[in-house]
Amino acid sequence: MNAAPLAPERRPTFYFLDHIKSFSPVFLDTEVDMTAVLRHRADARAGGQHYSLVSYVVHAAGRVLARHPEANAAIRGSFAPKVARFSGVSGKVTFDKTVNGRRVVLSTVLPDVHEAAQADIQRQIETIRDGDPETMPQLAKIRALRKLPVPLGRLVFRTGIRGLTRRPQLVGTFAVTSLGHSAVDSFHSVGGTTVTLGVGRMSDRPVVRDGAVTIAPMMRLSLAFDHRVIDGAEAADVLTDLKTRLEEFGSDTQEPTATAATTPEPATTGATTTRATTTGSAATDGTVTDGTATAEDVPVAP
């Protein structure tokens, strides 16, 4: 046996996992017919705009969470617990990155996704996906955190994330993580927020429509919720509304105009914890990519 100290690159993940021990997660999942999303995606690509599947989930979830303020919330404390309900919706997305030769999960927060254009969401995702984690200003706090001795790093992390006021900027009001690039049909992730969405792979599967069996592109979507904040009925409504919005994507709302490039908030948590169900492969913990199998999408990690 060769025991060694925890690598500095993994310290933020360690601090994050220590923080979420107080969570009381419950897990739901559903299947989403992605026909409308793929149609919208193809039309956008014909016009020169590429959208990752994760950008659709973030875009849709932002609108849904804005309609469910009870779920767009966070809790603090055990002896005198307080719940904050946020007026804006911020989505944390996670990325599979390599730092000093070591594979790690990093995250960033996309602010105000309840009113952001999808092109703006995609632009922010690509900024982190394609950037160097050793130089990106958005990840400066993570780099500083991993340089601290473990006792001090743990203290700094706990102190920074303790308050409710800055929670949306630090960890978001919901989280999205994906293993859709691999042979993972579904998995359940705890991302440090009251609602965490897990995006599985999309594949053609038989479905019944109007009494007949047909083939449709189906994607497994999971939702983990913190039972201290909301109950199962509210969480089920959120997941149902999200499924409906994705299956009717592009048919009910006018997309806002994209703005100039915006800079995502700094990543601060470093990880999500996952429970995966695979088809013939071992469960994967903590890696994230886009929910599609094309080569240009695989590096995306929400």
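R146 is buried, at 9% relative accessibility. The model is predicted, and in it the side chain of R146 meets that of E134 in a salt bridge, 2.3 Å from N to O. E134 is partly exposed, because its relative accessibility is 31%, whereas the cut-off for buried is under 20%. R146 sits in helix α5, residues 140-147. E134 belongs to the loop between α4 (118-130) and α5. The two residues are 12 apart in the chain, and the pair links distant parts of it.

The whole structure holds 16 salt bridges. Another of them joins R154 to D18, with the closest N and O atoms 3.2 Å apart. R154 lies in helix α6, residues 150-162, and D18 in helix α1, so this pair ties together parts 136 residues apart in sequence. D18 is buried, with a relative accessible area of 14%. R154 is partly exposed, at 24%.

The side chains of D185 and R201 meet at 2.7 Å, N to O. D185 is in strand β7, residues 184-190, and R201 is in strand β8. They are 16 residues apart, and this pair too links distant parts of the chain. D185 counts as buried because its relative accessibility is 15%. R201 counts as partly exposed, at 25%. Elsewhere, salt bridges with shared partners join D18, K21, R154 and R158 into one network.

β8 covers residues 195-209 and pairs with strand β6, residues 174-178. The sense is parallel, and the pairing runs over 5 bridges. M202 has M219 of β9 as its bridge partner. In a regular strand, side chains alternate between the two faces of the sheet.

β8 and β9 form a hairpin with 2 residues between the strands. In this hairpin D210 takes a positive phi, near 55 degrees.

A7 is found in the segment before α1 (11-19). A7 counts as buried, because its relative accessibility is 11%. Its C-alpha atom is separated from that of R102 by 8.8 Å. Along the chain, A7 and R102 are 95 residues apart.

How far does confidence reach across the protein, by mean pLDDT and by the share of residues at 70 or more? The mean pLDDT is 85, and 83% of the residues reach 70 or more. Confidence is highest in helix α8, residues 232-247, at a mean of 98. Confidence is lowest in strand β10, residues 273-278, at a mean of 53.

Key: Residues numbered from 1 in each chain as written. Predicted model: local features only at pLDDT ≥ 70, side-chain atom pairs only at ≥ 80, totals over all residues. Heavy atoms only, no water. Pairing = 2+ DSSP bridges. Helix = DSSP H or I, 4+ residues; strand = E, 2+ residues; numbered from the N terminus. pLDDT = per-residue confidence, 0-100. Buried < 20%, exposed > 50% of the residue type's maximum accessible area, 1.4 Å probe, protein only. Salt bridge = Lys/Arg side-chain N within 4 Å of Asp/Glu carboxyl O.
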